[in-house]
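Please read them with the structure open.

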Amino acid sequence: MAAQRERPLTVNDLVIVDCDVHANDPPEALAPYCDEPWRVALEHLGDVPRRYLEAPGYAPATPFDLPVPGRGLTHRTVATADQMREDLDAMSIDIAILFPDFLLRMAVLPQADFAAAVARAFNAWLAERWVDPARGLYGTVLAAPQDPEDAAREIRKYGSRKDFVGVFLPTCAVRPLWGHTMYDPIFEAAQETNCPVMLHSVGGILHTNFPFNTEQFATQLGRHSVEHGFALMANIFSMIETGMPVRFPDMNVVFTEGGVSWVPYVLWHLDKEYHELRHQAPLLTKPPSHYIREFYFCTQPVEEPERPQDLVTLIDLIDGRDHVVFASDWPHHDFDHPREVMIKPFPAETKRKIMGETALKLFDFATPSTNGAA
């Protein structure tokens with residue numbers, strides 16, 4: 001008698017942890033949580049005309065593309081925790097980690113005291129209005145790169161709580177890059193509170209800092225293809241050259257919203273350079289790939305090669321079965337429904353790890369009993 005074929009896994013068979021969803025954070029919502037004299041500025045910005053996820057002086061962006069009727073990007077936002085939970089239930093997502101919308105670009109703000117005040121307001125707003133472990137909603141502490149000492153205080157304040165599980169490091173036009181030792185107070189606090197640092201990429205701004213000096217690209221197609229992955233690559237190069245994984249050996253690092261296809265390039269090229277120039281990275285005792293393979297990488301936007309098996313091979317090349325975690329990027333235009341990863345030809349065990357099991361361990365979540373905790 002022929003053996004029965006195993007039933008394919010579905011989203012309802014798994015615990016699904018989404019490592020990247022977005023709470024809409026307009027300036028007027030944060031204003032009541034902001035210190036003076038900056039509160040009045042956020043209140044005022046609530047009345048200033050703005051575009052999708054772009055607010056002058058708060059979330060600057062430089063869209064170049066001509067609006068073409070019927071061909072624009074889908075502009076969605078999630079305004080409340082209730083709405084978020086409803087949306088996640090519809091996708092069978094049990095647990096979600098929250099990032100901002102507007103403040104993805106907060107590293108661009110030039111005034112350090114304003115940036116720190118906005119970050120404090122965001123963290124307080126997220127704590128009061130959004131995070132709720134009973135409903136599977138967890139926060140990330142927004143760390144303002146403009147003021148590492150203040151960011152470290154915020155991490156210690158919220159990172160010791162059960163409802164905040166990571167530290168959001170903005171990458172859009174951040175200067176210097178995150179490997180710089182000026183950020184050591186942030187990393188010290190993250191390691192102390194056992195909070196993974198999560199570098200989240202975003203584009204949409206013309207800036208002198210690599211890789212956002214994109215003035216030669218004529219379209220969103222060109223810019224968007226460069227900004228996300230290149231921003232993560234630039235920061236990982238910076239972290240390796242300064243020996244950050246050696247200086248903070250107990251800190252986990254997560255790279256969000258860049259997919260995974262760029263990771264083999266980084267592994268191989270950094271190792272090649274290290275073999276010739278290891279004296280320039282004296283803190284490293286092993287090739288860069290050894291440290292990078294201990295980092296974590298989010299799936300979104302999941303790659304779609306012509307031969308789907310190639311993505312499985314790529315995941316194996318970077319030891320990704322234990323270091324790749326699911327992210328949807330809900331509700332942004334390029335979000336990935338869980339089924340987008342589920343249909344890839346991964347073995348069942350790998351799907352279980354990517355969709356939830358690895359993240360449960362990484363963020364020390366209790367395993368929910370059913371999908372869509374309500």
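1. P37 lies in the loop between helix 1 (27-30) and helix 2 (38-45); helices (H or I, at least four residues) and strands (E, at least two) are DSSP runs, numbered from the N terminus. At 53% relative accessibility P37 counts as exposed, where buried means under 20% relative accessible area, exposed over 50%, and partly exposed in between (1.4 Å probe, protein chains only). P37 and V260 are separated by 223 residues in sequence and by 42 Å in space, C-alpha to C-alpha.

2. On the source: this is a predicted model, in which local features need pLDDT of at least 70 and side-chain atom pairs count only at pLDDT 80 or more, while totals for chains, interfaces and linings use all residues. Residues are numbered from 1 along each chain as its sequence is written, and side-chain values use heavy atoms, with hydrogens and water left out.

3. E43 belongs to helix 2 and is partly exposed, with a relative accessible area of 43%. Between E43 and D322 there are 45 Å in space, C-alpha to C-alpha, and the two are 279 residues apart in sequence.

4. The sheet is open and has 8 strands in the order 1-2-3-4-5-6-7-8, with parallel pairing; two strands pair if DSSP finds at least two bridges between them. Strand 1 (17-23) and strand 8 (324-325) stand at the edges with a single partner strand each, so one side of each has no neighbour in the sheet. Strand 7 (residues 296-298) pairs with strand 8 in the parallel sense over 2 bridges. V324 in strand 8 is the bridge partner of F297.

5. Helix 3 (residues 81-90) packs on the sheet and touches strand 1, strand 2 (95-100) and strand 3 (137-142); contact means heavy atoms within 4.5 Å. The direction of helix 3 makes about 140 degrees with that of strand 1. Axes here are lines fitted to C-alpha atoms, for helices over the stretch in contact, and angles run from 0 to 180 degrees between N-to-C directions. Helix 5 also packs on the sheet, touching strand 3 and strand 4, and its direction makes about 160 degrees with that of strand 3.

6. How do helix 4 and helix 5 lie relative to each other? The axes of helix 4 (residues 112-129) and helix 5 come within 10 Å and cross at roughly 10 degrees. The two helices are therefore roughly parallel (angles under 35 degrees count as roughly parallel, over 145 as roughly antiparallel, 65 to 115 as roughly perpendicular and the rest as oblique). Helix 4 contributes A116, A119, R120, N123, A124 and A127 to the contact, and helix 5 contributes D150, E154 and Y158. By class, this contact has 5 nonpolar, 1 polar and 3 charged residues; Ala, Val, Leu, Ile, Met, Phe, Trp, Tyr, Cys and Pro count as nonpolar, Asp, Glu, Lys and Arg as charged, and the others, Gly among them, as polar.

7. The axes of helix 5 and helix 6 come within 8 Å and cross at roughly 10 degrees, which makes helix 5 roughly parallel to helix 6. On the helix 5 side the contact uses P148, E149, A151, A152, I155 and R156, and on the helix 6 side P185, I186, E188, A189, A190 and E192. This contact has 8 nonpolar, no polar and 4 charged residues.

8. Helix 6 (residues 184-192) has D184, P185, I186, F187, A189 and A190 buried. Their cover includes helix 5 (148-159), strand 4 (164-170), strand 5 (197-200), helix 7 (220-241) and helix 8 (244-247).

9. T171 sits in the loop between strand 4 and helix 6 and counts as buried at 2% relative accessibility. Beyond its neighbours within four places in sequence, T171 is in contact with residues including W178, L199, H200, F212 and N235.

10. The structure holds 17 aromatic pairs; rings of Phe, Tyr and Trp (its six-membered ring) pair if their centres lie within 6.5 Å, and planes under 30 degrees apart count as stacked, over 60 as edge-to-face and the rest as tilted. The rings of F255 and W262 have centres 6.1 Å apart and planes at 75 degrees, so this pair is edge-to-face. F255 and F297 form a stacked pair, 5.5 Å centre to centre with 15 degrees between the planes. That pair links distant parts of the chain, with F255 in strand 6 (residues 253-256) and F297 in strand 7, 42 residues apart. Both F255 and F297 are buried. W178, Y183, F187 and F248 form one aromatic cluster.
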